[in-house]
Amino acid sequence: MITDVAESPKERLADILRQARHDARLRPCSPLEAERMRAGADRLARALVDEEQVYGVTRGFGPLVEYAAAASDTVQGSGLIAHLGSGQGRPLSPRACRLVVWIRLTSMRLGHSAVAPEFWDGVAELWNRGFTPVIPRDGTVSASGDLQPLAHAALALAGQGEAWARDDAGEWRVRPAADVLAALGARPVAWRARQALSFVNGTSVSLAVTLLNHREVLRLARAVAALTARAVTLLGASPQAYHPGVGHVRGQTGQSVAARWIREDLPDGHRRAPARPLQEPYSLRCAPQVIGAVVDQLSVLEDILVREAVGCTDNPVYYEGEFLHAGNFHAMPVGLASDQIGLCLQQIAFLAERQLALLCLPETNGGLPPMLTPTPGSGSGLAGVQLSATSFVARIRQLVYPSGLTALPSNGLNQDHVPMALNGANAVSDAVEQAWLVVGSLGVALAQYAALSGAAAEPGAWAELAAVSPALAADRPLAPEVRAARDVLAHRSAELIEQEEESADAGYGA
């Protein structure tokens with residue numbers, strides 16, 4: 001029964017990301033899943049006997065669909081992954097590569113790809129044993145799925161190309177795929193036409209990178225909420241902007257969540273200091289509105305991305321006895337989600353940079369020296385750190401330009417509308433690194449502010465920040481301290497999110 005309304009998936013994004021771990025395991029196919037897969041494979045076999053036309057199996061690929069396929073099924077399949085082995089660039093992380101293969105196998109096990117369960121079992125077993133293809137990040141338009149990077153994954157499974165392998169210290173190393181398979185005592189995968197097509201026809205690479213980016217932006221938002229609370233505490237700013245009533249009268253869930261995050265990190269009984277203005281600049285006063293808007297966007301995008309991760313992205317798809325030739329591999333849902341995640345990321349980084357600027361100005365920092373230097377003139381304090389943070393934000397804005405606005409037709413008249421989803425996801429991933437440096441810069445500024453103002457020592461993350469960025473007596477290179485502060489804050493925000501997700505009312509409700 002076809003319905004126009006899809007049910008919300010039961011999985012959460014956090015659940016899916018756990019499948020990227022090196023020790024994660026795919027469960028075997030259930031009897032029902034195996035039956036569905038078998039039905040599709042049997043129907044394909046009958047179609048071939050009846051000389052039906054099936055894309056990629058009896059006909060060529062892409063604009064070459066007008067021509068007959070190779071007489072040999074394995075020649076057709078190996079030719080597909082061979083000609084698509086044109087990806088370039090540095091490899092995706094092992095975490096992303098493992099997630100890519102998990103998503104492909106999840107799509108195939110639904111029974112709409114006409115792949116036999118025995119074949120699925122073989123690839124799943126390799127994944128369970130830790131085999132992780134090296135996947136280059138560049139070179140796909142993400143329209144017939146992420147063809148090139150997925151082809152490189154298929155090549156690795158076939159004993160060609162490269163694979164990730166963990167050494168005795170648990171570090172990932174790049175090795176020839178044939179050597180990794182041999183070390184596992186495993187045979188290379190032999191790709192038949194339909195199997196190869198079902199593997200490379202998918203949005204799994206752009207999706208995997210976007211899922212990881214989504215998580216990082218949520219962590220960044222949580223980190224900046226904590227830093228906002230620290231700034232409010234040190235400055236003696238008014239807590240009224242974070243009162244639950246403010247969010248209640250507006251009715252935006254994310255705003256209420258962000259205000260709660262900030263409020264929970266304020267000391268008990270915090271009040272506005274007499275010297276502080278009634279209303280702070282927007283970078284403090286409107287932090288719940290900015291962070292909350294990002295949280296709301298991420299919540300909406302999570303549903304879209306999870307649907308994609310647990311659905312079937314392939315062409316053609318087998319459905320109720322029929323092969324439907326369509327375009328379920330087009331990555332526009334991922335591309336638009338990724339573009340929006342990039343815009344959200346920019347807002348979080350911009351907010352952090354503005355709070356950093358506020359701390360560096362005597363007019364807004366409560367009369368402390370400019371640039372938080374104890375020796376103005378002979379010392380410059382955080383001047384260099386602020387300049388770098390400004391550069392990081394500018395670079396983020398370049399990187400998160402929407403990939404959907406960069407599309408070019410390709411592949412003859414076949415792929416005439418393309419999403420460029422992986423290009424966009426890779427750019428957002430690069431922007432994430434820049435954003436964490438902005439957050440680290442703000443962390444250093446708050447550590448220096450606390451030291452310069454003689455604030456009482458605080459436990460936890462604030463004590464860690466004080467340790468990695470002790471009080472300035474004279475100017476010193478602060479780049480290592482920015483990175484160390486970044487790491488402290490990244491770890492702390494991850495902990496806070498995981499604690500909330502594991503609570504009885506997991507999620508981000510107000």
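A residue is buried when its relative accessible area is under 20%, exposed when it is over 50%, and partly exposed in between (1.4 Å probe, protein chains only). This is a predicted model, in which local features need pLDDT of at least 70 and side-chain atom pairs count only at pLDDT 80 or more, while totals for chains, interfaces and linings use all residues. Residues are numbered from 1 along each chain as its sequence is written, and side-chain values use heavy atoms, with hydrogens and water left out.

Q: Why is phenylalanine 323 called buried?
A: The relative accessible area of phenylalanine 323 is 12%. The cut-off is under 20%, so the label is buried.

Q: What makes tyrosine 318 and phenylalanine 323 a tilted aromatic pair?
A: Rings of Phe, Tyr and Trp (its six-membered ring) pair if their centres lie within 6.5 Å; planes under 30 degrees apart count as stacked, over 60 as edge-to-face and the rest as tilted. The centres of these two rings are 5.4 Å apart and the planes are at 50 degrees, so the pair is tilted. Tyrosine 318 is also buried, because its relative accessibility is 11%.

Q: Why is the pair of tyrosine 55 and phenylalanine 61 called edge-to-face?
A: The structure holds 4 aromatic pairs. In the pair of tyrosine 55 and phenylalanine 61, the centres are 6.2 Å apart and the planes are at 85 degrees, so the pair is edge-to-face. Tyrosine 55 is buried at 16% relative accessibility, and phenylalanine 61 is buried at 14%.

Q: How do you know that leucine 80 is buried, and which residues is leucine 80 in contact with?
A: Leucine 80 has a relative accessible area of 3%, so the residue counts as buried. Leaving aside neighbours within four places in sequence, leucine 80 is in contact (heavy atoms within 4.5 Å) with Phe61, Ala196, Leu197 and Val200.

Q: What makes arginine 98 a charge over the ring of tryptophan 127?
A: A charge sits over a ring if NZ of Lys or CZ of Arg is within 6 Å of the ring centre and within 35 degrees of the ring normal. Arginine 98 lies over the face of tryptophan 127, at 4.1 Å from the ring centre.

Q: Where does the charged end of arginine 397 sit?
A: The charged end of arginine 397 sits over the ring of phenylalanine 350, 4.8 Å from its centre.
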